[in-house]
Amino acid sequence: MTRFNRQRVKAATRVEIRTETPELFAAGASGQLALHGRWPVTPRSAHTPPAVLRSSALSVALLTNHQGGAGWQRDPRTDLFVLAVTHFSGQHSFYENAADREERFTSLVRRLALEDPRWTLGLLRWLRGQAQIRSAAVVGAVEFARARAEAKAPGYSRQAVDAVLQRPDEPGEFLALWTARYGRRLPQPVRRGLGDAVRRLYTSRAVLKYDTPSHAFRFADVLELTHPAPAADHPWQGELFRYVLDRRHRPHQAVPPRTETLLTERQRLAELPVTERRAVLAAPDAAHRLAAAGMTWEALAGWLQGPMDAAAWEAVIPSMGAMALVRNLRNFDQAGIGDAAATLVAARIADPAQVARSRQFPFRFLAAHRAAPGLRWAAALETALSHSLANVPHLPGRTLVLVDRSGSMFGVPESRTELTRADAAAVFGGALALRAEQADLVEFGTGSRPVRLAPDDSLLAVVERFHDLGGTDTAGAVARHFDGHHRVVVITDEQPGLFGPLDPFAPVPSGIPVYTWNLCGHRTGHASPAPNRHVFGGLSDAAFRLVPLLEAGGAEQWPWEPPPAASG
């Protein structure tokens with residue numbers, strides 16, 4: 001027998017009322033249903049479209065968000081931008097499955113590829129180059145080029161394909177995706193864009209690291225589909241391309257070009273019997289020999305055909321990049337590397353030039369700290385984390401920073417880390433608060449409370465003070481904690497709960513800027529677009545640079561657009 005659930009029925013009724021008659025809440029009613037003594041005279045037809053309000057010359061539709069509360073549909077460009085910087089292909093969000101997000105992303109790219117190709121090309125180039133988001137950029141370029149090919153629209157596609165391919169294995173990833181969706185026939189602009197990328201990316205070191213059987217499309221497959229000529233200033237590429245084809249089709253007969261010393265040294269190591277390979281690690285020149293052969297730690301593990309012990313790690317650490325070092329700290333501890341090697345690792349992790357070159361997201365240093373929480377790496381990771389946040393401005397005056405800690409923020413943002421969007425929000429919110437002249441840092445969910453800050457606090461220590469606070473009451477947090485601040489920053493997924501007011505920032509005067517960082521990219525926002533109400537997206541801190549520009553009176557612009565020329 002089904003039991004009557006009063007609360008469930010009440011909640012369902014509220015959702016229905018709010019969906020069918022949003023005009024009842026236009027005055028900002030919250031909590032219990034408030035009509036202010038008036039009942040709407042004109043009933044709404046079931047086929048009446050959602051309410052459309054005008055703000056800053058934009059048409060904005062009032063919808064219901066995933067929580068059943070009020071949500072504002074973004075214009076297509078903003079919708080694509082926020083989704084793109086939060087989108088990991090094949091990854092579910094708390095409210096949307098991967099297929100739905102992929103379809104929404106694809107539809108927006110294809111639409112704007114025709115309506116505004118210059119803007120969309122700028123987005124794709126920035127997405128891969130500055131925001132460092134690979135999957136969305138590659139998928140976006142595939143759909144951009146396909147939409148324009150189907151419409152027989154000239155221009156832009158070659159540049160889009162070339163722009164998003166920044167790593168040597170990405171031409172193969174692009175082709176794997178294209179052929180799975182659209183077959184092996186390539187439009188000429190796509191072929192030329194791939195050729196541009198191949199000439200720029202294919203080197204002997206790239207062959208060793210990325211041309212492996214684990215990839216669906218090997219380098220030779222790309223060459224055979226695109227037929228690129230060697231670059232005019234890289235005459236050696238012709239011999240390299242021939243070697244790549246031999247590696248694919250005649251691996252036992254493939255001989256590296258005599259001019260390619262890296263490939264020659266690797267082949268010499270590969271020809272050593274397995275029983276003699278560990279002796280190489282004991283030689284005084286072990287680190288130099290591995291580096292001369294372009295041996296990565298992944299390749300070394302396979303070459304040894306045995307465990308990566310301390311000697312193996314100590315031999316390959318000098319040639320490892322900063323990102324690889326950060327990801328292997330726990331492995332270093334488990335293998336028991338010596339103090340000299342550990343000192344080298346810590347120095348390279350904390351080197352600002354290495355951090356800038358690695359272009360890692362700040363939350364990766366938090367992930368490394370949690371994976372290897374010992375004191376051995378803490379100081380280096382803290383220093384690296386501060387270097388990775390170089391774009392966070394020192395904001396003058398008083399800043400209110402609101403960090404969403406609702407349940408939906410605790411979904412994993414990417415399969416390669418156990419950190420959640422809530423963790424990422426805490427990292428960025430904490431960094432912004434620590435660097436501001438005077439900041440109030442607040443975590444919010446169903447309720448809200450301040451997060452303690454001290455002048456000598458480390459960011460890692462601040463992040464550990466956050467909690468899981470349940471639902472999402474953005475309006476309540478704003479109403480409770482806004483107190484004449486010069487700006488408000490909210491880091492959230494923009495999904496407030498049922499019966500919140502239509503404008504959660506009503507207590508904030510219209511002249512005070514509000515900056516929303518959306519970390520999930522859902523269709524609806526939590527407020528209607530308006531002057532001094534700005535929305536950014538994603539886990540990158542690049543958009544922080546726009547805050548001083550906007551407050552200095554600069555025109556609202558996208559991150560890839562050049563700043564306006566100074567007047568006077």
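A: In this predicted model, helices H7 and H8 are roughly antiparallel to each other, because their axes cross at roughly 155° and an angle over 145 degrees counts as roughly antiparallel. The axes of H7, which spans residues 170-182, and H8, which spans residues 188-201, come within 10 Å. From H7, the residues Pro171, Phe174, Leu175 and Trp178 meet Val190, Leu194, Ala197, Val198 and Leu201 of H8. Trp178 also belongs to a nonpolar core of 60 residues, which includes Val161, Leu186 and Tyr210 as well.

Asp169 is located in the loop between helix H6 (157-164) and H7. Its relative accessibility is 6%, so Asp169 counts as buried, the limit being under 20%. The side chain of Asp169 is joined to that of Arg167 by a polar contact of 2.8 Å.

The axes of H21 (residues 362-371) and H23 come within 9 Å and cross at roughly 115°. H21 is therefore roughly perpendicular to H23, and their crossing is right-handed. Here Pro362, Leu366 and Arg370 of H21 meet Asp423, Val427 and Phe428 of H23.

H21 itself is mostly covered, with seven of its ten residues buried. These are Pro362, Phe363, Arg364, Phe365, Leu366, Ala368 and His369.

The core holds 73 residues, of which Leu300, Ile317, Leu329, Phe332, Ile349 and Trp377 touch the most other members. The 60-residue core that includes Trp178 lies apart from this one. In soluble globular proteins, nonpolar side chains tend to be buried together.

Ile349 shows what such a member touches. Beyond its neighbours within four places in sequence, Ile349 is in contact with Leu325, Val326, Leu329, Val355, Ala380, Leu381 and Ala384.

Arg348 is found in helix H19, which covers residues 339-350. Arg348 is buried because its relative accessible area is 16%, and the limit for buried is under 20%. Not counting residues up to four places away in sequence, Arg348 touches Ile317, Pro318, Ser319, Met320, Gly321, Leu325 and Gln354. A polar atom of the Arg348 side chain lies 3.3 Å from the backbone oxygen of Pro318. Leu325 is touched by Arg348 and is also in contact with Ile349. Arg348 and Ala384 are 36 residues apart along the chain, with their C-alpha atoms separated by 9.3 Å.

The chain as a whole provides the setting for these details. It has 26 helices and ten strands, and 51% of its 568 residues count as buried. Among contacts between residues at least 6 apart in sequence, 69% join residues at least 24 apart.

How values were computed:
Residues numbered from 1 in each chain as written. Predicted model: local features only at pLDDT ≥ 70, side-chain atom pairs only at ≥ 80, totals over all residues. Heavy atoms only, no water. Core = buried A, V, L, I, M, F, W, Y, C linked by side-chain atoms within 4.5 Å. Buried < 20%, exposed > 50% of the residue type's maximum accessible area, 1.4 Å probe, protein only. Contact = heavy atoms within 4.5 Å. Helix = DSSP H or I, 4+ residues; strand = E, 2+ residues; numbered from the N terminus. Polar contact = N/O pair within 3.5 Å; in protein donor to acceptor, adjacent residues only side chain to side chain. Axes fitted to C-alpha atoms, helices over the stretch in contact; angles between N-to-C directions. Parallel < 35°, antiparallel > 145°, perpendicular 65-115°, else oblique. Left-handed = near helix turned anticlockwise from the far one by under 90°.
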